[in-house]
Amino acid sequence: RTLVIQPDDPDTMYLGGVSGGVWKTTNDGNWWEPVSDNLANIAVNSMVMDPSDPLTLYVGTGEGYFREEVRGTWLPLRGDGIFKTIDGGTSWTRLPSTMGADFQWVNDLVISTHDSERIYAATRTGVWRSDDGGGTWRQIHVEDAKGGCLDLALRTDAEGDQLFASCGTLEQGTVYRTQDASTDTTWEATLSETGMGRTTLTIAPSNQDIIYALAAAHGGSFDMGLHAVFRSVEGGAPDTWEARVRNTDDNKLNTLLLTNPMAASYEECNYPAFNVWIHMGWYCNTIAVDPADPEKVWAGGVDLFRSDDGGRNWGLGSYWWLEAGNRDFVHADQHAIVFHPDYDGATNRTIFSATDGGVFRSLDARGSVATSVLGICSPNLSTMEWTSLNHNLGITQFYHGLPYPGGDRFLGGTQDNGTITAFESNGRDGWRHIFGGDGGYVAIDPTRISTIYVEYQWSRIHKSTNGGGAFSDARNGITDSPYYFLFITPFIMDPNDHLTLWMGGRRMWRTTNGAGLWTVASSFLSNGAMVSAIAVAPGNSNIVLAGTTDGRVYRTTDALSSGSSDSWQSSRPREAYVSSLAFDPHDGQTVWATLAEFGGPHVYRSTDLGRTWESRDGSGALSLPDIPVHSVVIDPVLIGRIFIGTDLGVFTSTDNGESWAVENTGFASAVTEALSLGNDGDGNPVLFAFTHGRGAWRVPISPGPPAPRLGIGRH
């Protein structure tokens with residue numbers, strides 16, 4: 001989400017992974033190392049470097065942009081305030097004054113050029129100012145629009161702190177201005193147009209009277225696509241903003257800044273599909289001006305665009321759909337565009353883009369761009385060349401993952417990086433992409449490991465019988481719309497029969513022939529809820545449980561013959577998203593459930609096959625904190641040992657949830673989506689963790705009675 005470069009030493013850069021913390025390189029992106037794994041919260045969304053002291057940085061946590069409806073509701077990843085380092089990331093301090101609800105989503109940070117102790121923060125509740133290096137904060141602009149304030153832009157040439165704030169997303173957006181944010185001067189709405197949603201801002205460094213705004217649309221056929229690119233040449237004063245281009249422009253390419261350009265141009269590119277308009281402006285939306293030319297402006301949505309005439313006409317400068325490594329390839333979904341500190345448009349033209357697939361760099365920001373719709377299909381019409389800088393950058397966001405038998409190979413589905421696989425011998429940078437889209441759940445046939453199942457958005461399951469070399473559609477028989485399933489659809493393989501798989505949406509589906517044909521296995525669930533977790537009883541394939549987005553757990557003891565008219569019985573631990581279910585291998589009547597929402601208990605146990613539930617969050621000092629829990633596994637050897645993956649890493653209990661301990665050997669406080677127990681090559685027990693933001697991990701676990709506190713180290 002954010003990238004900053006040290007001005008006096010440009011080989012040193014810092015980036016923020018939205019659920020992966022702060023990473024640092026001292027060799028121009030050739031190698032990155034994490035520098036914030038000890039933070040209490042690593043949901044880094046914003047970062048700023050002190051212009052007078054490059055070793056001092058401030059980091060804002062909480063992704064406040066309302067990502068995809070992954071968990072059945074639009075839940076952004078919550079942060080926990082602002083963190084500060086004064087030694088280049090070696091040590092960090094959480095600013096105590098930012099520990100409350102006002103700083104759970106810190107969307108942007110800027111520092112005054114007049115006083116480096118004066119910092120401004122854009123949060124869910126508005127704009128805040130600190131005059132003492134973050135020691136105390138004062139709210140200087142109150143905002144109740146959805147998302148609060150999301151972007152700040154500060155003039156560096158004015159006598160006071162002339163500050164702009166863009167507020168509101170998924171509803172009416174507004175740009176505000178104050179002539180001097182260091183005082184109690186009032187704010188004025190300087191740009192607000194009907195149909196304007198999330199808007200990002202940039203001020204031309206070479207002429208700060210020129211300000212640009214990239215606005216997503218709110219409502220209408222272009223909802224979350226481009227509304228307009230605005231420009232003011234009079235310092236952003238009210239009534240001075242001109243719409244340089246709108247979504248009604250005659251040149252289709254000019255309208256695609258916040259849209260997936262390739263999908264919207266299938267027909268023009270003679271692709272065997274109709275054009276699909278996928279608008280992304282609430283999520284990936286960024287704009288930046290060439291430091292040496294105020295007429296050259298870059299816009300980032302799914303791809304990168306550049307205008308050479310002040311935002312009137314645009315050309316395509318990157319191609320997400322090409323193979324990685326291609327000179328024109330930049331991963332989809334742009335979040336920050338940053339120029340080299342020494343950029344002059346002549347001897348130095350270096351530009352960086354921060355994306356859903358890491359960091360990319362071009363050494364010539366003024367290379368030619370494709371200025372026609374046909375240029376979308378023909379990368380050769382652009383001379384832009386990009387290079388990936390993702391060496392040892394472990395911020396992959398897994399949704400699910402599994403080890404292969406033997407524990408030396410892994411498979412997982414990831415956010416916007418598809419399904420990936422690696423052998424132990426490949427090393428950290430050795431993961432290979434085998435299937436596209438947003439990768440979701442995976443399954444591996446233990447009797448023939450070359451047979452695997454993967455998925456991408458909304459239940460689109462595919463099967464490979466050659467280890468991922470080729471895939472075929474594996475959704476035959478499913479008549480429900482893909483949108484009757486969650487964005488990341490849970491499916492699992494029956495542990496008793498490798499040919500039987502289960503998948504759930506608004507009702508349950510079953511295949512007993514390796515996805516050759518799916519059949520309906522339940523009636524529709526109540527209240528439009530969707531299945532969010534599934535478990536099959538070891539040793540009895542007729543016992544199946546399904547958790548849902550509204551907190552219910554459905555069960556049947558006749559799973560292999562149930563059909564569309566069969567209503568499964570249900571119970572409800574509490575009204576919250578059921579994220580995982582697991583049968584206790586020591587007792588066929590005992591089941592565990594986890595809930596991935598704040599408020600109330602998060603781990604439940606049933607000793608009567610899901611009819612009734614009791615909280616197992618523990619009590620007192622050894623209880624779980626109030627954080628979402630995403631996964632649970634039960635040790636098959638040691639009775640009472642439970643592992644859970646949470647928003648803050650891995651916890652364990654050795655007494656069936658009476659008390660809990662967090663791991664303590666360096667594993668970051670990362671959102672842990674999937675846990676799995678397996679073995680290494682020598683048959684020793686191993687715990688695997690697939691995190692949403694810090695990649696995949698493993699650790700050997702004791703086969704006998706564990707130590708009082710469990711340590712889970714990085715492999």
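Hi everyone, let's start at Thr 286, which sits in strand S21, residues 286–289. Strands here are DSSP E runs of at least two residues, numbered from the N terminus. A quick note before going on: this is a predicted model, where local features need pLDDT of at least 70 and side-chain atom pairs count only at pLDDT 80 or more, while totals for chains, interfaces and linings use all residues. Residues are numbered from 1 along each chain as its sequence is written, and side-chain values use heavy atoms, leaving out hydrogens and water.

So, is Thr 286 buried or exposed? Thr 286 counts as buried because its relative accessibility is 9%; buried means under 20% relative accessible area, with a 1.4 Å probe and protein chains only. Leaving aside residues up to four places away in sequence, Thr 286 touches several others, including Leu 214, Trp 298 and His 335. A contact means heavy atoms within 4.5 Å.

Two of those names come back in the largest nonpolar core. Among its 43 residues, Leu 214, Leu 257, Trp 298, Trp 314 and Trp 386 touch the most other members. Such a core is a set of buried Ala, Val, Leu, Ile, Met, Phe, Trp, Tyr and Cys residues joined through side-chain atoms within 4.5 Å. Strands S18, S19, S21, S22, S23 and S25 each supply at least two residues of this core. Another core, of 18 residues, lies apart from it and includes Phe 491 and Met 503.

Finally, over to an open sheet: four strands in the order S1-S2-S3-S4, with antiparallel pairing. Strands pair if DSSP finds at least two bridges between them. S2 and S3 are joined by five bridges, and Met 13 stands opposite Thr 25 in S3. Thanks, everyone!

Definitions and conventions:
Buried < 20%, exposed > 50% of the residue type's maximum accessible area, 1.4 Å probe, protein only.
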